[in-house]
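Please examine the structure shown below. The paragraphs that follow consider a DNA strand and its surroundings, and then a pair of packed helices.

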Amino acid sequence: MSLQFWKPGTEKPRILEDEEGGVLFLSNSLSSSSSSSSGYGYASIEKQRQRLPVYKYRNAILYLVESRATTIIVGETGSGKSTQIPQFLKEAGWAHGGRLIACTQPRRLAVQAVASRVAEEMGVQLGQEVGYTIRFEDVTKPDVTVLKFLTDGVLLREMMDDPLLTKYSVIMVDEAHERSISTDILLGLLKKIQRRRPELRLIIASATVEAKAMSDFFRMRKKRREPESGDSGLQLEPAILSVEGRGFSVQINYVEEPVQDYVRAVVSTVLSIHERESTGDVLVFLTGQDDIDAAIQLLNEEVQTDGKRSSGLILLPLYSGLPRAEQELVFSPTPRGKRKVVISTNIAETSLTLEGIVYVVDSGFSKQRFYNPISDIENLVVAPISRASARQRAGRAGRVRPGKCYRLYTEEYFLNQMSNDGIPEIQRSNLVSCVIQLKALGIDNILGFDWPASPSPEAMIRALEVLYSLGVLDDDAKLTSPTGFQVAEIPLDPMVAKMIIASNQFGCSEEIITIAAVLSIQSIWISGRGIQKESDEAKLRFAAAEGDHVTFLNVYKGFLQSGKSSQWCHKNYVNYQAMRKVIEVREQLKRIAHRIGLVSKSCESDLQAVRKAVTAGFFANACSLEAYSHNGMYKTLRGSQEVYIHPSSVLFRVNPKWVIYNSLVSTDRQYMRNVITVDPSWLLEAAPHFYQLQQSISLH
DNA sequence: GAGCACTGC
């Protein structure tokens, strides 16, 4: 392997030039005077704060926020921007007069972690001056909380009640480079709010690569012939400030020739690291469970045949579907004389931080979601990562001391063929939820909305069509009353929301809300190698002839009758943690259902009511068994796509004539997950306009 | 008889 050296920062300009002269140059010498705060008992925390790279920029940041409408902060991991900047703002008086400072994160865990760290640094109890809000948890106190951490999704929900976010003086959007759908919608809306509320200050915190694009996005005034600065002297041109990180250097190694089989390449690279390199744990990035299991099996075979070469290796898989206890093994300290090798999906790129990693092996691939608006199907595809991802992965090796990264692709490929940034999620997704959110916020011209990255018109039109067929939008693409407004209030996929609303007329809201809660959880079953037979047998105890939705009702009933017992779950191969989440989501949905005027009612054993309510939301997913199919092939009514019932369904091999599915999983075939039987006449009842053109398909 | 990268309201 050829070696090449790289130091964080050398690939990235620290200061971004701007042809219009609107960007501020800031050198390291522009340091702030140190704070004099040193209350008894806080000296060490204060010293820790001062050691963070961002501390040097305290005055510069405050100056920019004071004088600029939007400030973009480029900060690498470890710069301390997420925890320090909100405190700087509070210290500078941005929370005076009953105003709040908000800081958003894409993930709930990050919100909790940052909020508790800040509360600790400020020496206050979490939930008082410093609080956070995530789904199910509002740890804030009105009139007391001034620093509020929240997910960007929660802030979007807040805009439904307060479209101008009037209680906030400064909003910091953190991790903006991840470009999640919520972040993109939020950025578009914040830009709009700024026109109405010039006093609102925005801070966009982002990794280097996206900073310029963000600045371009927020620079909009000149075209509108508005004054370059307001009465207050406020500069409307965004400023970009770069803050260096605290990572150690990472030496990058590329392969000389493209690898044919990246799983085998991973195995040989791990073994050669183990043979040649000093102590330090290894983090391997692969694409999914299959890859990971294959790599671990090959490495284990190596242990059997050549024990010497691989002795002392602790092999640990890591992916989100892994049971919690196994996930936590990756955080346990490495015993002396051993080397931990964590073989992971992308979960370790952003969501989890592992300590003690010195070596990273990067396959160059990850699974990514792509959406085809023509077929209306989302697929998970193994695809090459971007340079931004590759840098992020490499950075994982430099957290504790200088590290090494082994890229299983050539340098030529990295430099010339890899795309610079990933495709924003909004350009790879089904847009129904996104469209309804904007409609609820009064954004009617969605195609003309000012997006940080525009979604494709085809996907947008498809979303409008689906919402129209659900009766959520009218002929003028406005939210219908009451259905459209009710659907927008429910924080779930619009098809699920419609099913909940329809349950009111069928008198089965209790059952449908349970089903909606289960569908919103990844899986309520415990699965895994070695227990397939047992878990399948356990599933049969709950199986209902009507299908998976009714089976979920049986499981929920059993769980309640057991007194929500974890032993009961264990015995029945039901995931206890998942069931607790079901209870939580269910309670939230019940509150919302009550608020929008639905009547809480159980249909007892009238399962036809349940099936009709499901049909009202999911009629577009109706399929019929091909008459002469011996292998269980179905075709969708809408697009005549070939689909099959997933083997995990209780209707697998039962193959009823008419079914509706909840979602499709695409592998070598399209598999329907969570399937329920229906009567075809219900389809016409539920969506006459949707099926009238298709009556040539005989519905009997 | 197969398998779901990762979030979020």
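Predicted model: local features only at pLDDT ≥ 70, side-chain atom pairs only at ≥ 80, totals over all residues.

Of the atoms of DNA strand B that come within 4 Å of the protein, 63% belong to sugar and phosphate. The residues of this surface comprise 12 nonpolar, 10 polar and 8 charged.

Individual polar contacts may be located next. At arginine 108, a polar backbone atom is 2.4 Å from a phosphate oxygen of DNA strand B. A base nitrogen of DNA strand B, in turn, lies 2.7 Å from a polar side-chain atom of aspartate 536. Two or more residues of the surface near DNA strand B are given by each of α5 (152-161), β15 (365-372) and α20 (532-542). The element that gives the most is α5, with 3 residues.

**Packing of two helices**

A pair of packed helices is described by the angle between their axes and the distance between those axes. Helix α6 (residues 181-196) packs against helix α15 (residues 432-440) at an angle of about 25°, and their axes are 11 Å apart. Because angles under 35 degrees count as roughly parallel, α6 and α15 are described as roughly parallel to each other. Their crossing is right-handed. Helix α6 contributes Ile181, Ile185 and Leu189 to the contact, while α15 contributes Cys434, Gln437 and Leu438. By residue class, this contact has 5 nonpolar residues, 1 polar and no charged.

Technical notes:
Residues numbered from 1 in each chain as written. Chains lettered and ligands numbered in written order. Heavy atoms only, no water. Axes fitted to C-alpha atoms, helices over the stretch in contact; angles between N-to-C directions. Helix = DSSP H or I, 4+ residues; strand = E, 2+ residues; numbered from the N terminus. Parallel < 35°, antiparallel > 145°, perpendicular 65-115°, else oblique. Left-handed = near helix turned anticlockwise from the far one by under 90°. Contact = heavy atoms within 4.5 Å. Nonpolar A, V, L, I, M, F, W, Y, C, P; charged D, E, K, R; others polar. Near = heavy atom within 4 Å. Polar contact = N/O pair within 3.5 Å; in protein donor to acceptor, adjacent residues only side chain to side chain.
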